[in-house]
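Hello,

Here is the structure we talked about handing over. Please load it first, then read the notes below.

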Amino acid sequence: MSEKRISRRELLAGAATVASALALEKLPVAEAQTTPVALNAPSDPSAVPGGPTTPVSARSPFETPARTPSGIITGPAYSPIHELTGTITPSDLVFERHHAGVAIIDPKRYKLLIHGLVDEAMVFSIDDLKRLPSVSRVHFLECSGNGRNGYRDPKPDLTPQLIDGLTSNGEWTGVPLAVLLREVGVKPSATWFLAEGGDASKLSRSIPIEKAWDDAMIAYAFNGEPLRPANGYPARLFLPGYEANTCIKWLRRIKLIDQPNMSRDETAKYTDPLPNGTARQFSFVMDAKSIITHPAHPARIERGWNEIRGIAWSGRGKITRVDVSTDRGATWNAAELQTPVLSKAHTRFRLPWQWDGRQSTLMSRAVDETGCIQPTYSSFVAARGKGTDFHFNHIRSWTVRADGTVSYEVVA
Amino acid sequence: MRKRIAIAVVVLMAAACREHRSSTLTQAAPPFDGIGRRATTAEVDSWNIDVNPTGAGLPAGSGTYARGAALFASKCAACHGTNGEGLATFPQLIGREPRSGFPFGQDYHLTKTIGNYWPYATTLYDYVHRAMPLTAPGSLQANDVYSLVAYLLAKNEIIDTTTVIDAASLPRIRMPARNRFVVDDRTGGRRFR
């Protein structure tokens, strides 16, 4: 048995080498994606012919939205939510959060095993999953740690990306988990199911079986095309409204069980310590939240007409109202919600605002269909404590200074 | 035939949503014969690696503190520190401070470790086996996992250095923070908790 001491540099270098080698080997090389335009546009585009058609569109070279990759195989990459409009997150900008890097899986070798307290343990290929009845649903995905930066370390130069960039929204297509469970036959003693990923972390979570019969799905597509590897290609579990770690990426196994497994990611992690000396466990559902994405840092606005814009969402259903204040919470007005308002999905809100040029603090407050109102910072601290670890949905505030610059603030 | 299948699907989907008891759904034959196949015993055995608090899933084998100490030094210390104190992004594993109360909700500077936070000892086997070390997850043999578990539990002052860890002893260990964990019972509404 090898007793070779492994140095940390070797471990990290090895991990990076293995990961990048696999990535270069397995990912398809994109064909020339850009319409060949000069970095500077011609002075009169109507006077010269343009470029040819291409197999895959690229963005204009003048648009460079990007996540914030950390360069390591654990940890997050925040989505640039303050640069996005509408409600649908472009597929290549969906946030990332991994526990052992992005798995590269050959769809021809992919298997989903469903076993445990079932009549018959079965294996499904990707083609099997795609052949079964499918549904498409628009829902948000949100990491339970989203908002931690804005809570723990509320610096004025935080952007919506760094505060709440671990959330994305789009159309998920897949097979309802209920259809698969119907295939294998679930024994009456099964009250939970364990979902496990086929990546290096093999992250596993125990989920109450009611969610399987409700709206759980095995998703294989997002925004009309197969999932990206960074978001779980070729198939992931998707649990609308639930914290994203439960939506196991690169899903390989579902086991029907009669008690929660108590994996590391539902005990050591993803539990919420509270000020009363307890830790809240299985806090699956993402609470109602909103954030103004414009005006927000680093935008600079002009006096006069501005449209305050943001997104709101709740894991418990639809957003029924978003109140916006432009006077640091003294008064509130209901913003307009972009229709259709969908359940457990990002909802775009807008409020017209005439800025008089004086310093103003903007705040937004979401209300969901259960009557839950996004709490003030002080209400949040009272309920959850300064030390809590997840589910940071207190009201976010932006102060517009007289020069038009905007900075993040926490208003008690 | 297509229409009968479509109707059957609609009925089944409605039944699945409406009726949460599985007994009605297992009475009729599955409607999608030929999609998916029976799993082999080998397939199930190779992936069925989870361990729950009753000890179900723990394999044959055993481990000791002494063996675990040597393994930790060679396979774990490079990331987790010589004394499990943590390095860079890799977490601290060992430590029983604070020794009274459970003040993590009040102060995020306090580090949660195996000894002061993990509610179940069996989780340690499940996690080390499936995910560690980071560059070769799943490569540790059962005796080595048991030994690392024994080492970490002893260093966290949960067991003494002579306790042998195996499928019988591990589920019997009660972690200090076990009673601190309360299942979420919120359903939304005006009162924020």
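**Salt bridges**

Asp164(A) and Lys289(A) join their side chains in a salt bridge, 3.1 Å from N to O. Asp164(A) sits in helix H4 (residues 160-164) of chain A and Lys289(A) in strand E15 (residues 289-294) of chain A, so the pair ties together parts that are 125 residues apart in sequence. Asp164(A) and Lys289(A) are both buried. Keep in mind that this is a predicted model.

A second pair in chain A is Lys211(A) with Asp215(A). Their side chains form a salt bridge at 2.8 Å, N to O. Lys211(A) is buried, and Asp215(A) is buried too.

In chain B, take Arg193(B) and Asp185(B). This salt bridge spans 3.0 Å, N to O. Arg193(B) counts as partly exposed because its relative accessibility is 26%, which falls between the 20% and 50% cut-offs. Asp185(B) has a relative accessible area of 53%, so it is exposed.

Over all chains, the count comes to 42 salt bridges.

**The interface of chain B and chain A**

How much area do chain B and chain A bury between them? The figure is about 7,100 Å², with 58% of it on carbon and sulfur atoms. Ile35(B), Trp47(B) and Phe192(B) supply 12% of the area that chain B buries against chain A, more than any other three residues. The contact takes 88 residues from chain A and 73 residues from chain B.

Eight salt bridges cross this interface. Glu196(A) forms a salt bridge with Arg130(B), with the closest N and O atoms 2.7 Å apart. Both belong to a network of salt bridges that also links Arg252(A), Arg253(A), Lys255(A), Asp50(B) and Asp126(B).

Between chain B and chain A, 30 residue pairs are in polar contact (both at pLDDT 80 or more). Several elements of chain B give two or more residues to the side that touches chain A, including helix H1 (2-18), helix H4 (65-75) and helix H6 (122-131). That side of chain B divides into 39 nonpolar, 18 polar and 16 charged residues.

Strand E4 (residues 122-124) of chain A and E1(B) run antiparallel over two bridges. Met122(A) has Arg38(B) as its bridge partner in E1(B).

**One loop residue**

Ile88(A) lies in the loop between strand E1 (75-77) and strand E2 (96-98) of chain A. Its relative accessibility is 40%, so Ile88(A) counts as partly exposed. Beyond residues up to four places away in sequence, Ile88(A) touches Val138(A), Asn169(A), Gly170(A) and Asn223(A).

Best regards

Conventions. Residues are numbered from 1 along each chain as its sequence is written. Chains are lettered from A and ligands numbered from 1 in the order in which they are written. This is a predicted model: local features need pLDDT of at least 70, side-chain atom pairs count only at pLDDT 80 or more; totals for chains, interfaces and linings use all residues. Side-chain values use heavy atoms; hydrogens and water are left out. Helices (H or I, at least four residues) and strands (E, at least two) are DSSP runs, numbered from the N terminus. Buried means under 20% relative accessible area, exposed over 50%, partly exposed in between (1.4 Å probe, protein chains only). Contact means heavy atoms within 4.5 Å. A salt bridge is a side-chain nitrogen of Lys or Arg within 4 Å of a carboxyl oxygen of Asp or Glu. Buried area is the accessible area (1.4 Å probe) that two parts lose on being put together, summed over both. A polar contact is a pair of N or O atoms within 3.5 Å; within protein, one must be able to donate a hydrogen and the other to accept it, and residues adjacent in sequence count only if both atoms are side-chain atoms. Ala, Val, Leu, Ile, Met, Phe, Trp, Tyr, Cys and Pro count as nonpolar, Asp, Glu, Lys and Arg as charged, and the others, Gly among them, as polar. Two strands pair if DSSP finds at least two bridges between them.
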